[in-house]
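Please read them with the structure open.

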Amino acid sequence: MKRTLLSIFMATATAVSFGQNPIVQTNYTTDPAPMADGDRMYVYTGHDEDNANFFWMNDWRVYSSADMVNWTDHGSPLSLASFSWADGRAWAAQTIKRNGKYYWYVCAHSKLSGAMAIGVAVGDSPTGPFKDAIGKPLADGNWDYIDPTVMLDDDGQAYLCWGNPRIYFCKLNKDMVSIDGQVEKIPMTAEGFGGPTFSERQKGVKYKDSYVEGPWIMKRNKHYYLLYAAGGVPEHIAYSMAKKPFGPWKYMGEVMPLSNTGSFTNHCGVADFKGHSYFFYHTGKLPKGGGFGRSVAVEEFKYNKDGSFPIIQPTSTGVQPIGTMNPKNRVEAETMAFSKGVRVEQNEETGVYVSDIHNGDSIVVRMLDFGTTSPKSFTASVASALQGGKVEVHADKPDGKLLCTLTAPYTGGWEKWQTVDANLNEEITGVHDLYFLFKGNQGAKLFNFDWWQFK
Ligand code: FUB
């Protein structure tokens with residue numbers, strides 16, 4: 001199963017042009033929920049399994065970036081196993097910070113009701129560890145109960161919304177893990193959402209649009225927004241605005257129109273970060289991807305003067321970097337702008353590391369600022385239970401200046417880490433992209449890669 005995605009990457013290598021979308025190539029990722037926190041943008045995602053024929057999803061993942069192009073894989077700190085009541089369908093979710101704690105609202109199939117339920121996990125850091133906050137669902141027992149989205153208003157009141165094909169809405173108590181009052185249904189009017197809910201549609205009447213699923217509620221500059229997957233399958237993204245968190249909502253039109261994304265669902269999340277506005281969504285654009293093999297992508301946009309959204313089209317280019325990284329600090333190998341062939345694994349001791357490295361695979365890391373003094377050597381932590389291999393480090397392009405070739409030896413096991421060095425052949429200063437090109441015996445797994453650093 002794992003090898004399949006890799007083989008496809010290798011087979012289609014020449015067809016993959018360099019672009020930032022999808023932002024993760026080592027796994028399928030879905031239903032993005034961005035959260036800016038401090039110096040980093042975090043994206044909480046679902047995870048489509050390789051070769052899936054349905055949304056057989058078992059866990060959620062976290063990625064983060066300080067520059068919007070190099071994404072660090074934080075692995076999967078939350079899965080169905082984290083919730084004693086859940087037994088399938090780890091679908092869309094969102095995380096929010098309050099009073100130093102991180103609340104991750106999820107939906108999953110409930111063993112208790114035999115239908116879908118909304119749950120909440122809590123952690124002390126954006127990357128976890130997370131645990132079920134209450135040991136039971138927040139709301140259970142309805143196939144409509146999917147895709148929770150959460151918003152903390154300026155007055156300290158938090159709201160939770162979810163649902164397909166209706167939108168449920170409630171207040172959260174200050175503890176963020178209990179519902180204040182009743183769960184209401186948001187009235188689905190043509191004025192609010194372009195059309196009434198599917199069951200109330202009249203034959204022969206043409207509506208502007210319709211809410212389907214994947215709500216994203218947020219507030220910005222006194223405007224309340226509800227973005228959502230709309231129009232039936234295939235889905236586009238539309239939105240409504242309101243002056244109050246509970247509406248009434250006004251249908252505003254499409255944000256991301258239907259286009260050839262290769263996925264019949266779409267699901268968005270929006271966040272501002274370091275003075276830029278970003279729209280996250282998913283496509284089926286990773287090799288062998290599709291409706292059940294989706295991948296998160298991101299576009300930068302500017303709000304219109306009146307606070308409304310512009311039309312945002314999906315691109316393969318994605319966004320421009322908004323920062324640099326220091327290569328003289330230790331960099332986790334699972335921080336990458338683009339990769340080909342490699343996968344990731346995680347364990348308690350090492351955390352996340354790059355695995356499944358084969359001859360011809362590569363990793364690109366962008367915007368490394370070497371400063372004015374060239375480093376003299378390159379150091380990496382590697383592990384191999386076989387013969388190991390080599391990594392060539394090139395500047396700026398795959399056939400750019402060869403800075404060094406590092407040899408990763410047999411270390412006695414795939415998790416027996418050894419720190420190895422290579423002297424630089426060439427000086428390097430200023431800001432550069434780096435291409436790590438992996439070489440070794442054809443077909444064999446070469447080595448695992450945990451971190452690297454220039455000295
Ligand atoms: O990822 C599973 C489901 O597909 C989500 O819950 C929906 O929003 C759609 O993206």
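1. S362 belongs to strand 28, which covers residues 362-369. The model is a predicted one, and in it S362 has a relative accessible area of 11%. The cut-off for a buried residue is under 20%, so S362 counts as buried. Beyond its sequence neighbours within four places, S362 contacts F338, S339 and K340, and also F436, L437 and F438.

2. Y145 sits in the loop that joins strand 11 (139-140) to strand 12. Is Y145 buried or exposed? With a relative accessible area of 13%, Y145 is buried. Setting aside residues up to four places away in sequence, Y145 touches C107, M116, A117, I118, A139, D140, W162 and Y168. Between the C-alpha atoms of Y145 and A271 the separation is 24 Å, and these two residues are 126 residues apart along the chain.

3. The largest nonpolar core has 63 residues. Those touching the most other members are W104, Y105, L227, F279 and F309. Strand 8 (residues 101-110) supplies the largest share of this core, 7 residues. Apart from this core there is another, of 33 residues, which includes V331, A333, F370 and F447.

4. Y105 deserves a separate look. Not counting residues up to four places away in sequence, its contacts include A93, Q94, I96, G119 and V120. Also among the residues that Y105 touches are L138, P148, V150, L160, L172 and M176.

5. The largest pocket holds about 560 Å³ of space. Its lining consists of 24 residues, and I96, M218, K219, V270 and A271 lie nearest the centre. Which strand gives the most to this lining? Strand 16 does, with 5 residues. At least two lining residues come from each of strand 1 (30-37), strand 7 (94-98), strand 12 (149-152), strand 16 (211-220) and strand 20 (269-273). By class, the lining has 13 nonpolar, 8 charged and 3 polar residues.

6. K219 also takes part in a salt bridge, with its side chain meeting that of D154 at 2.8 Å, N to O. D154 is in the loop between strand 12 and strand 13 (158-162) and K219 is in strand 16, so the pair ties together parts 65 residues apart in sequence. D154 is exposed, at 69% relative accessibility, whereas K219 is partly exposed, at 26%. D153 joins D154 and K219 in a network of salt bridges.

7. The whole structure contains 13 salt bridges. One of them pairs the side chains of D48 and R294, at 2.8 Å from N to O. Why does this pair tie together parts that are 246 residues apart in sequence? D48 lies in the loop between strand 2 (40-46) and strand 3 (59-65), while R294 lies in the loop between strand 21 (276-283) and strand 22 (295-301). D48 is buried at 0% relative accessibility, and R294 is buried with a relative accessible area of 3%.

8. A further salt bridge joins the side chains of D50 and R343, at 3.1 Å from N to O. D50 is in the loop between strand 2 and strand 3 and R343 is in strand 26 (residues 343-347), so that distant parts of the chain, 293 residues apart, are linked. Both D50 and R343 are buried.

Definitions and conventions: Residues numbered from 1 in each chain as written. Predicted model: local features only at pLDDT ≥ 70, side-chain atom pairs only at ≥ 80, totals over all residues. Heavy atoms only, no water. Core = buried A, V, L, I, M, F, W, Y, C linked by side-chain atoms within 4.5 Å. Buried < 20%, exposed > 50% of the residue type's maximum accessible area, 1.4 Å probe, protein only. Helix = DSSP H or I, 4+ residues; strand = E, 2+ residues; numbered from the N terminus. Contact = heavy atoms within 4.5 Å. 1 Å grid on protein atoms, 1.4 Å probe; cavity = no way out; pocket = protein on both sides within 12 Å on 5 of 7 lines; lining within 4 Å. Points joined across faces, edges and corners; volume = space filled by probe spheres on them. Nonpolar A, V, L, I, M, F, W, Y, C, P; charged D, E, K, R; others polar. Salt bridge = Lys/Arg side-chain N within 4 Å of Asp/Glu carboxyl O.
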